[in-house]
Amino acid sequence: KLLKSKFILDFTKLSTSGAIGKSLYLLFTPLITRIYSPEQFAQFALFTSLITVIYPIYSGRYEFAILTARKESQIKKLFYLTILLVLIFSCISFFIFFILSNINSQFLNLKSLNLLIYLIPFGIAVEAFLNTLKLIASRYKKFLIISKSVLLNYFVKVLLCLLFGFFSKNYNGLIISNVICTAITCIFLTKQLNLKIEFKIFRGLKSIFATAKKFWKYPIYNSIPSVVDNITYELPVFIISMIYAGNDLANYAIVSTIFIYPIALFSSSLSQVNFSHISFKVRSGLYIFDDTKKLLFVLFIFIGLPCLILFFYSRNLIPIIFGNQWNDAAIYLQILIPSFFIRIVASTLSNILISTNRNELLGLWQVGSFITSLVVLIFSAKNLNFFNFILSLSFLNMVIYSVYLILIIYSAKNPRYNFKN
């Protein structure tokens, strides 16, 4: 009862702040979709997709070991290990993007980003650091601090989006505000968690490397497969940017980011709290399958209802709320809603695979879904118009994320308790 009440309390803290933050963003999206052009939304989609794909490499996913590590000394070393990796890969990626922008900017249509391409390494670094800080806060159940950071993030994002949209139209405020608000959130969390980065600890690299060796499963089973998983997730953006028109990418971008906000209103908060909750129970050798079943039932209700509303009324609501320039996007949203439903449900519960130490199942699914998606989407893009491409994408996602959900349920029923740190 104590665990359940604590779970509900923690979820309430995060979900309330997440709901308020997303509601604030949703409140201003009708204005944002009118002051930014489809081309700028297309740029934003490509920029965020690159960040999503690359950032697991920066940290090696060692930050997830913070939740499962048993010793305080290991947590500190994992934190410094993550910082070290982020710094190294930031420098490497800057030179890579510099070369790509000057030699082969046609790759993934990077030319469309112009000078914003040089913001990508910094954007990836702050995203990786933000995720690490949130996991540290989750480890110590500092969910009130996380909730405050979520509110701060959305407030700064909305404010900067509007300021850039009205006063600096030559710059893509969608991208710049996203990077700045993430950096500000990192500073806020660092101060609130009283984390002092002592660079002298890097002199003892031997102990940090020993920690990296001890938790070798995370880069092998999580980092590399996560990159593959994120490529699978963002593959439509990359393929659309190279094969279809810019307006098509803009339509898909606004559907997959802004329009699905009402569906995923509580999912990220619920996923974060559930990760901490399940990790604690597995470390304690407790049964988790009943918790997973109840959570699955809750997700079906709270995600299913908004999905039904958008499925039946999106063609009428979207043009009124966001503007007539997004009429086609409303049609694509209606097609993609079933796949969004199963994807969000599975993604919300996906951390169960890590918490139950079923990393190999996660890795196998990630590789399998990547190969399947790559083959199906490339074939579809070469042979179908954009409307039919969206149809094939929706069906594909329903299949691969249904398999994902089955593996998650299996892992919850058969966790591994003998993981030794």
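**Notebook: aromatic pairs**

The model is predicted.

Entry one: Phe-94 and Tyr-118. I find this aromatic pair tilted, with 6.1 Å centre to centre and 45° between the planes. I then looked up where each ring sits. Phe-94 belongs to helix H4 (residues 72-103), while Tyr-118 is in the loop between H4 and helix H5 (120-139), so the pair ties together parts 24 residues apart in sequence. Next I checked accessibility. Phe-94 has a relative accessible area of 36% and is partly exposed. Tyr-118 is also partly exposed, at 27% relative accessibility.

Entry two: Tyr-244 and Phe-389. I get 5.4 Å between the ring centres and 50° between the planes, so this pair is tilted. Tyr-244 lies in the loop between helix H9 (217-243) and helix H10 (246-259). Phe-389 lies in helix H16 (residues 386-413). The pair therefore ties together parts that are 145 residues apart in sequence. I looked up burial for both. Tyr-244 has a relative accessible area of 14%, so I log Tyr-244 as buried, the cut-off being under 20%. Phe-389 is buried too, at 0%.

Ring pairs link Tyr-244 and Phe-389 with Tyr-332 and Phe-386 into a cluster.

Which residue lies over the face of Tyr-25? I find Lys-157 there, at 5.8 Å from the ring centre.

Technical notes: Residues are numbered from 1 along each chain as its sequence is written. This is a predicted model: local features need pLDDT of at least 70, side-chain atom pairs count only at pLDDT 80 or more; totals for chains, interfaces and linings use all residues. Side-chain values use heavy atoms; hydrogens and water are left out. Rings of Phe, Tyr and Trp (its six-membered ring) pair if their centres lie within 6.5 Å; planes under 30 degrees apart count as stacked, over 60 as edge-to-face and the rest as tilted. Helices (H or I, at least four residues) and strands (E, at least two) are DSSP runs, numbered from the N terminus. Buried means under 20% relative accessible area, exposed over 50%, partly exposed in between (1.4 Å probe, protein chains only). A charge sits over a ring if NZ of Lys or CZ of Arg is within 6 Å of the ring centre and within 35 degrees of the ring normal.
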